[in-house]
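Below is a short briefing on one structure, for a reader who has not seen it before.

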Amino acid sequence: MAHGVKLTAPLSPCAPVLRQYARLAVACLLAALSSNAMAQSQTASGDARVGVIEPLSITKLADLDFGNIFGPSGGTIVLTPTPTANCTTTGGIVHSGTCQPAVFGGSGPTGQRVRVRRPIGRTITLTGPGEDMIVTDITIDGNPSLVPVRSNPNWERYTIGSPDGSFTFRVGGTLGVNANQAPGIYTGTFEIRLDYR
């Protein structure tokens, strides 16, 4: 809301006094507006969380999230599961927002061997209001707390390399987006298995 002081009528010999009153009125008005602005308060809330990981177990720390996509043409989004993950697109897809690999944590003695099994079939199906989308080429990255030993199509084998025995690993993959994909939220679940050896 705008406020102001307007003097009308020709100025008379009393004009200096009127100017002082006008300045005083403006100063009072500004003081009232600033005290109203200061009296208003805003609040916001945030989430706080912590993961307590039991030895020789597995705990999910973050979900796999490909973010938001736009564009009528089909293509792919490749999400690399590195500590500083990124998404690259093909086709006419435009990507924005979050690009978050799934993150899991575990704990065991330093030097212990662990095997991480990819989802069965190495795919994840996302369902929503339109045609299903499929995540393929599931990749796992345990760097820096897990040291790679060997890999095969279903399992990644590591040794725990962190001095305290705690570790995290990330899961990514390639999301196939259909042409003219119906807008909406698409979700799916997948299973990761961890064997301590």
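The model is a predicted one, in which local features need pLDDT of at least 70 and side-chain atom pairs count only at pLDDT 80 or more, while totals for chains, interfaces and linings use all residues. Residues are numbered from 1 along each chain as its sequence is written, and side-chain values use heavy atoms, with hydrogens and water left out.

**Salt bridges**

- Side chains of opposite charge can pair when their charged atoms come close.
- The structure holds six salt bridges, each being a side-chain nitrogen of Lys or Arg within 4 Å of a carboxyl oxygen of Asp or Glu.
- One of them joins R193 and D195, with 3.1 Å from N to O.
- R193 is partly exposed at 43% relative accessible area, whereas D195 is buried at 12%.
- Through shared partners, salt bridges link R115, R193, D195 and R197 into one network.
- Another salt bridge pairs E156 with R118, at 2.2 Å from N to O.
- E156 is in strand β11 (residues 155–160) and R118 is in the loop between β7 (113–117) and β8, so this pair ties together parts 38 residues apart in sequence.
- Strands are DSSP runs (E, at least two residues), numbered from the N terminus.
- Both E156, at 12% relative accessibility, and R118, at 6%, count as buried.
- D63 and K60 also form a salt bridge, their closest N and O atoms lying 2.7 Å apart.
- D63 has 48% relative accessibility and counts as partly exposed; K60 has 46% and is likewise partly exposed.

**The largest pocket**

- A pocket is an open set of points on a 1 Å grid over the protein atoms alone, where a 1.4 Å probe fits and protein lies on both sides within 12 Å along at least five of seven lines; lining residues have an atom within 4 Å of a point.
- The largest pocket has a volume of about 840 Å³, a volume being the space filled by probe spheres set on the points.
- Its lining has 35 residues, and G67, L126, M133, I185 and Y186 are the closest to the centre.
- At least two lining residues come from each of β1 (58–62), β2 (68–70), β6 (102–107), β8 (124–126) and β12 (166–177).
- β2 gives the largest share of the lining, three residues.
- By class, the lining has 20 nonpolar, 12 polar and three charged residues.
- Ala, Val, Leu, Ile, Met, Phe, Trp, Tyr, Cys and Pro count as nonpolar, Asp, Glu, Lys and Arg as charged, and the others, Gly among them, as polar.

Terms used. Helix = DSSP H or I, 4+ residues; strand = E, 2+ residues; numbered from the N terminus. Buried < 20%, exposed > 50% of the residue type's maximum accessible area, 1.4 Å probe, protein only.
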